Amino acid sequence: MLHIKGLTASIEGNQILKGVDLDIAPGEVHAIMGPNGAGKSTLSAVLTGRDDYDVSGTVTFKGQDLLTLTPEERAVAGVFLAFQYPIEIPGVGNMYFLRTAVNAVREARGEPTIDARSFLDAVRTRMAELDMDPALLSRAVNTGFSGGEKKRNEILQMTMLEPALAILDETDSGLDIDALRAVAAGIERQRHPDRSMLIITHYPRLLEYVRPDVVHVLRGGRITRSGGPELALELEQDGYGPATPIPANAR
Amino acid sequence: MSDLALEALVGPGKADHTEPPWRAQARTLGATWLAEHPMPTRRDESWRYTPVDQVISAIADVARPASTVDVTSDAIDALVGVHDGPRLVFVNGGFHPGSSQLTPLDGVDLAPLSSMTEHPDADAVQCTPEPDRLNGFTALNGLAGDDGASVRVRAGAAPTVSVHLVHVSVPEADQPIITHPASAIVIEAGAHASIIESYVAVGGAPLTNASTVIDVADHGQLTYHRVQTEPAEAVHIGYVRIRLAAHARAHARSLSIGARISRVELDVSADGDHASIDVEGLYVPNDRQQHDHVITIDHIGSHTRSNQRFKGVVDGHARGAFTGKIVVRPGTTDTEAHQANDSLVLTPHAQSDTRPWLEILADDVRCTHGATIGRLDDQSLFYLRSRGIPLAEARRILIDAFSSSITEAIEPESLRSHLSEQITKARAQGSP
């Protein structure tokens with residue numbers, strides 16, 4: 001599904017990613033953990049096509065060179081990012097935004113667009129599953145939403161866009177326990193043999209609800225450790241450990 | 001300006017002895033003013049952002065239109081939209097009965113100004129501003145005396161549909177023409193009315209020098225839309241005088257969508273105590289268009305309130321400008337005056353000017369003003385694109401969202417949707 005090799009990224013002369021290697025197979029859920037400033041959000045920005053970074057290395061997604069695609073082409077290819085800080089867009093209705101996005105993606109893929117009625121039915125069902133207030137549909141995108149409402153709105157977009165790769169950037173941050181459960185259940189429902197997920201998180205809390213297949217530690221712009229779900233628990237007890245990669249012969 | 005030039009502009013021998021007193025008065029007022037004053041230049045503060053030299057040199061090349069051009073009702077429908085209510089159409093400054101719809105409306109007297117001769121209200125017609133508010137263009141308008149509408153909404157009347165006044169220019173062959181439409185609107189005591197004025201042209205590069213004088217009497221309420229969607233080569237100079245008596249309320253919107261050069265001046269005075277005015281506007285110049293709005297709110301009464309909200313979307317090499325003048329007269333109390341101007345500058349070559357101009361000569365005043373000039377927000381653009389929305393559409397969505405706070409409340413709905421089409425069309429024409 002996703003193959004990252006030697007990925008570096010710098011902004012204004014500061015190198016943030018210093019050679020990331022990562023492979024995610026279809027259906028796998030990977031978690032990337034790491035302290036603040038490790039490069040977690042830079043990784044999600046580079047994968048979704050923010051143009052603020054100087055990037056080298058290769059990223060292949062379903063056989064395509066991802067780094068040459070525009071953000072919208074990446075969405076059409078099946079990449080989705082749940083933003084750490086969802087953007088408020090006053091004056092653009094949430095429902096209009098959702099339908100425009102879904103139909104833009106369908107159109108670009110040569111699929112038929114969805115009429116307003118069927119779309120509304122589908123959105124309402126997904127909103128109920130996420131325990132979201134239906135009134136949020138007629139509001140402007142994220143405008144005046146609470147932190148939890150914004151995060152649920154991200155997951156709602158994910159469920160409507162049905163991506164092949166969902167990147168969830170600190171989706172658990174700022175959520176109370178009820179919101180966390182609702183969001184986690186929403187993510188769990190999206191698990192599918194053809195869908196991979198990359199969960200970026202600072203705290204292992206979300207991983208108690210969404211169990212990853214592989215956990216990576218990102219430190220100083222590199223992946224320094226990888227392991228099974230038990231690694232998340234170990235990190236919770238012992239912290240992130242040394243900043244430099246552990247030499248292979250010492251493992 | 002020489003007599004010869006004036007004659008070229010207004011046509012020879014129009015001052016005959018059959019014209020009504022108000023017409024003779026407007027003509028004399030205009031002629032006297034022009035004899036004593038020069039035309040405005042960019043050194044005049046309120047003309048600073050209008051390329052007035054270009055307007056005046058364009059005037060030198062124009063002809064007065066023939067009065068016999070024809071245009072179909074369908075063509076006008078396409079230009080101005082179809083809204084419930086009566087419609088008065090003027091083509092090249094002359095009344096055009098063929099495309100007008102003079103359905104009687106309870107409590108509303110509607111006629112071409114030119115017909116106000118023997119009429120009982122003829123003496124009360126005022127189609128030029130007060131002498132101390134004239135400028136070269138409004139004086140020229142008074143002197144030229146083209147036709148326009150006379151609207152009188154009788155005391156206490158509250159028609160449920162809008163009155164639509166349409167001014168169409170139809171240039172002949174390759175010759176640019178100039179028209180000077182003038183209208184007079186009176187909302188009598190306690191009456192409620194909605195009036196739409198549309199300025200359009202059937203192609204070409206016409207010049208329009210329009211003037212509208214509106215009086216709202218005690219407790220009257222007016223919703224007024226002024227819509228300028230002339231072709232991209234047109235030159236438009238517009239003036240609207242609004243006088244508000246005690247407890248009168250007006251909500252005026254000016255939409256400047258077409259024309260190479262457009263300057264619209266809204267000159268409002270809250271004469272009576274407790275008068276209240278909301279003025280909003282949107283200008284969307286692109287390519288090399290230059291759109292200017294000059295607003296004056298003169299707080300003459302006490303307990304008066306005003307609110308100006310203007311937005312500009314400036315694209316290509318265009319220039320957009322807003323001047324918002326607030327005058328609070330000495331001796332008034334409890335005045336509230338607000339002003340906001342936000343503009344979106346879409347290219348490095350586009351330019352936006354904003355100028356608050358406050359003359360506060362009283363103490364008991366709450367006055368605020370604010371202006372922002374910005375680009376499309378990169379983060380919002382990225383967010384939309386990350387959901388699969390192509391760049392061009394993402395930009396359109398954000399631009400529409402920016403203008404929506406001015407356009408979303410426009411009533412009737414038929415006007416709102418017509419404008420939305422016109423704005424989309426105008427913006428598409430100017431894109432590189």
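Visitor: Which residues in helix 5 of chain A meet helix 6 of chain A?
Guide: This is a predicted model. In it, helix 5 of chain A uses Gly148(A), Lys151(A), Arg152(A), Ile155(A) and Thr159(A). Their counterparts in helix 6 of chain A are Ala179(A), Ala182(A), Val183(A), Gly186(A) and Ile187(A).

Visitor: At what angle do helix 5 and helix 6 of chain A pack, and how far apart are their axes?
Guide: The angle is about 10 degrees, and the axes are 10 Å apart. Helix 5 of chain A covers residues 147-161 and helix 6 of chain A covers residues 177-189. Angles under 35 degrees count as roughly parallel, so helix 5 of chain A is roughly parallel to helix 6 of chain A.

Visitor: What is that contact made of, by class?
Guide: The contact of helix 5 with helix 6 of chain A has five nonpolar, three polar and two charged residues.

Visitor: Switching to strands. What is the strand order in the six-stranded sheet of chain A?
Guide: The order is 6-9-10-3-11-12, in an open sheet with mixed pairing. At the edges are strand 6 (79-82) and strand 12 (222-227) of chain A, each of which pairs on one side only. From one strand to the next, the twist averages 20 degrees.

Visitor: Take strand 6 and strand 9 of chain A: parallel or antiparallel?
Guide: Strand 6 of chain A runs parallel to strand 9 (residues 165-169) of chain A, and four bridges join them. Across that pair, Leu81(A) stands opposite Ile167(A).

Visitor: And strand 11 with strand 12 of chain A, parallel or antiparallel?
Guide: Antiparallel, over five bridges, with strand 11 of chain A spanning residues 214-219. Leu218(A) has Ile223(A), in strand 12 of chain A, as its bridge partner.

Visitor: How many residues lie between the strands in that hairpin?
Guide: Two residues lie between strand 11 and strand 12 of chain A. In this hairpin Gly220(A) takes a positive phi near 55 degrees.

Visitor: Now the chain contact. How many residues come from chain A and from chain B?
Guide: Chain A puts in 20 residues and chain B 17 residues.

Visitor: Which helices of chain B each supply at least two residues of the side that touches chain A?
Guide: Helix 6 (378-386) and helix 7 (391-407) of chain B. Helix 7 of chain B gives the most to that side, with seven residues.

Visitor: What classes of residue are on that side of chain B?
Guide: Where chain B touches chain A, its side has eight nonpolar, six polar and three charged residues.

Notes. Residues numbered from 1 in each chain as written. Chains lettered and ligands numbered in written order. Predicted model: local features only at pLDDT ≥ 70, side-chain atom pairs only at ≥ 80, totals over all residues. Contact = placed C-beta atoms within 7 Å. Nonpolar A, V, L, I, M, F, W, Y, C, P; charged D, E, K, R; others polar. Pairing = 2+ DSSP bridges. Axes fitted to C-alpha atoms, helices over the stretch in contact; angles between N-to-C directions. Parallel < 35°, antiparallel > 145°, perpendicular 65-115°, else oblique.
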